[in-house]
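Please consult the sequence and the structure while reading.

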Amino acid sequence: MKAIISLYIIALALFIMSCDDHNTANLAPEYLYDAGNQKVIKSILNNKKGTIAMLYGNDLALQSAHDSLPKPNIGAHYTLVTWKQKPMPQWYGTNMNGEIYSIETLKIVKRNKTELTFDYEFQIGKGYKPADWQSEKSQRISFITSQRAAIFP
C-alpha cells in the first residue's frame, strides 16, 4: 500500500511539472533598445569593428535623411545605437547584436546665419571603456547627419 501511495505522489508530481510551459521564446532585454517615438532611419553594419548600429530619428531627422538635405533641419533629433556583434547560436556563420556598445544622441538646436548648433552626447555601454572607440565629436556629428534614409518597401 505504501508503494502505491508513493507511486501516486510521484505520478502527480510529474504531471504538475509537465504542465510548465518552457516553449515560449525568451527575449534578451539587455540587447534591446527602446527608441520611444523615434523611427528607424538606417541600419549600419561594420564587420571590421564587429558592430551593428541602428540610426533612429524624429520626423525632422527622417525628412532630412530622406530628402538628402545638405544641412539637417532645426529640431531634428537623432539617436545612433551601436551593438557589438556576436555569433547567432541557431544559424552558423551569422552574427546578431550583442550588448549595447554605445548610444549617441544628437539634437540640432538652432541655426545661425551660416552654422548649425549641435547638442551631441556619447554614452558608452556597460563593460566598455570610453577610449575604446570614441571618435572626434565633429566627425561623429558629420557621420550621423550625412546618413541617407533606407528605403522600405
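The points below move from the chain as a whole to individual residues.

The structure is a predicted model, in which local features need pLDDT of at least 70 and side-chain atom pairs count only at pLDDT 80 or more, while totals for chains, interfaces and linings use all residues. Residues are numbered from 1 along each chain as its sequence is written, and side-chain values use heavy atoms, with hydrogens and water left out.

**Confidence**

- The chain has a mean pLDDT of 84, and 88% of its residues reach 70 or more; pLDDT is the predictor's confidence in each residue, from 0 to 100.
- Confidence is highest in strand β2 (residues 51-57), at a mean of 94, and lowest in helix α1 (residues 2-18), at 77.

**Overall architecture**

- The chain contains three helices and five strands; these are DSSP runs numbered from the N terminus, with helices (H or I) of at least four residues and strands (E) of at least two.
- Along the sequence, these elements follow the pattern α-β-β-α-β-β-β-α.
- Of the contacts in the chain with a separation of 6 or more, 50% are between residues 24 or more positions apart; a contact means heavy atoms within 4.5 Å.

**Surface and burial**

- The accessible surface of the chain is about 11100 Å², and carbon and sulfur atoms account for 58% of it; such areas come from the Shrake-Rupley method with a 1.4 Å probe.
- Buried residues make up 28% of the 153 residues in the chain, where buried means under 20% relative accessible area (1.4 Å probe, protein chains only).

- Tyr120 lies in strand β5 (residues 116-124) and counts as buried because its relative accessible area is 12%.
- Beyond its neighbours within four places in sequence, Tyr120 is in contact with residues including Leu106, Arg140, Ile141 and Ile144.
- The side chains of Tyr120 and Glu104 make a polar contact at 2.5 Å; this term denotes a pair of N or O atoms within 3.5 Å, one able to donate a hydrogen and the other to accept it.
- In helix α3 (residues 137-145), the buried residues are Arg140, Ile141 and Ile144. They lie on the same side of α3 because they cover an arc of only 100 degrees around the axis, taken from the directions from the helix axis to the C-beta atoms.

**Asn73**

- Asn73 is found in the loop between α2 (59-67) and β3 (77-87), and it is buried because its relative accessibility is 17%.
- Leaving aside neighbours within four places in sequence, Asn73 is in contact with Leu60, Gln63, Ser64 and Ile108.

Technical notes
Buried < 20%, exposed > 50% of the residue type's maximum accessible area, 1.4 Å probe, protein only.
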